[in-house]
Amino acid sequence: MHALKVKQREYDFMAGYMVASKYMAQQLIADGFHANKITVNPLYSISNGQELINIPRQAKQLLFVGQMVTGKGVDTLLKALSMCKSSPQLTLIGEGRQMQKYKRLSKSLNIQSQVQFLGQKTSSELTHYYKSSTALIFPSRAPETFGLVGIEAMKYSCPVIASDVGGIQEWLKEGQTGFLFPSGNVEALANQIDNMLANPQQSLEMGVNAYYHWQQNFQAN
């Protein structure tokens with residue numbers, strides 16, 4: 001707390017602060033920062049000439065991109081996968097200290113045949129997975145200040161199923177670009193996955209909506 005107070009006194013001399021989400025602005029205000037100095041400027045994903053990707057995707061293919069750490073909710077995702085009636089496949093991209101723990105968990109849940117841990121991938125390699133997956137799953141239990149990976153997925157017409165924490169609700173439009181679920185709620189996540197995979201036409205429409213939402217709101221001006 002003392003360190004925070006010291007930082008506040010330092011920042012009092014600044015003309016303003018820029019944050020990526022309304023959620024982050026609210027947190028700063030709650031910690032005593034001046035609201036009139038805060039500007040919300042959402043993160044964005046550069047287009048590189050990206051056009052709408054409205055093509056058939058791999059059936060029942062889910063994607064996770066992020067660190068293999070507790071706050072990202074990978075355990076919630078694996079448990080939800082074991083409860084899904086739709087028997088989806090899951091590709092996990094990323095590394096972290098919990099990797100081996102999550103591999104053991106997938107084995108204990110008897111879903112190892114449905115799960116691929118691919119480790120770290122380059123941005124260009126990630127493009128393939130965003131284009132081919134039915135949905136990106138973003139199961140964070142820790143509040144996300146924004147959640148840029150969701151914007152990256154939407155750029156490639158990939159809808160998102162995400163937990164309702166932090167700044168995620170500022171870019172995910174429930175029922176339009178994807179689905180939300182209560183953070184840490186395994187059954188709710190499983191239901192949202194089954195809902196998405198049971199309605200392939202709806203998921204394609206959500207992907208189209210996601211692309212236009214990114215195009216209109218999350219590019220550099």
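## A first look at this predicted model

The side chain of T127 makes a polar contact with the side chain of Y156, at 3.4 Å. By polar contact we mean a pair of N or O atoms within 3.5 Å; within protein, one must be able to donate a hydrogen and the other to accept it, and residues adjacent in sequence count only if both atoms are side-chain atoms. T127 sits in helix α5, residues 123-132. Helices (H or I, at least four residues) and strands (E, at least two) are DSSP runs, numbered from the N terminus. With 17% relative accessibility, T127 counts as buried. Here buried means under 20% relative accessible area, exposed over 50%, and partly exposed in between (1.4 Å probe, protein chains only).

Before going on, some ground rules. This is a predicted model, where local features need pLDDT of at least 70 and side-chain atom pairs count only at pLDDT 80 or more, while totals for chains, interfaces and linings use all residues. Residues are numbered from 1 along each chain as its sequence is written, and side-chain values use heavy atoms, with hydrogens and water left out.

Now for some strands. β4 (residues 89-93) and β5 run parallel, joined by 4 bridges; two strands pair if DSSP finds at least two bridges between them. T91 has Q116 as its bridge partner in β5. Between β4 and β5 the chain passes through helix α4 (residues 99-108), and this β-α-β crossover is right-handed. That label applies if, with the strands pointing away from the viewer, the path from the first strand over the helix to the second runs clockwise. Which residues of β5 are on its covered face? They are V115, F117 and G119, while Q116 and L118 make up the uncovered one; the strand spans residues 115-119. In a regular strand, side chains alternate between the two faces of the sheet.

Strand β7 (residues 160-163) holds S163, which is buried at 0% relative accessible area. Its side chain reaches the backbone oxygen of S140 at 2.5 Å. The loop between α6 (148-155) and β7 contains P159, buried at 1%. S157 has its place in the loop between α6 and β7 too, and is buried at 3%.

S157 also has a phi near 60°, a positive value in a residue other than glycine. S87, in the loop between α3 and β4, has a positive phi as well, near 50°. Most residues other than glycine have a negative phi.

Some residues sit apart in sequence, and the table gives their C-alpha separations. One of them, S82, belongs to helix α3 (residues 74-83) and is partly exposed at 32%.

| Pair | Apart in sequence | C-alpha to C-alpha |
|---|---|---|
| S82 and N110 | 28 residues | 7.6 Å |
| P159 and I137 | 22 residues | 8.9 Å |

Of its 12 lining residues, R57, A59, T134, P200 and S203 are the closest to its centre. On a 1 Å grid over the protein atoms alone, a pocket is an open set of points where a 1.4 Å probe fits, with protein on both sides within 12 Å along at least five of seven lines; lining residues have an atom within 4 Å of a point. Helices α7 (186-198) and α8 (200-217) each supply at least two residues of this lining, and α8 gives the largest share, 3 residues.
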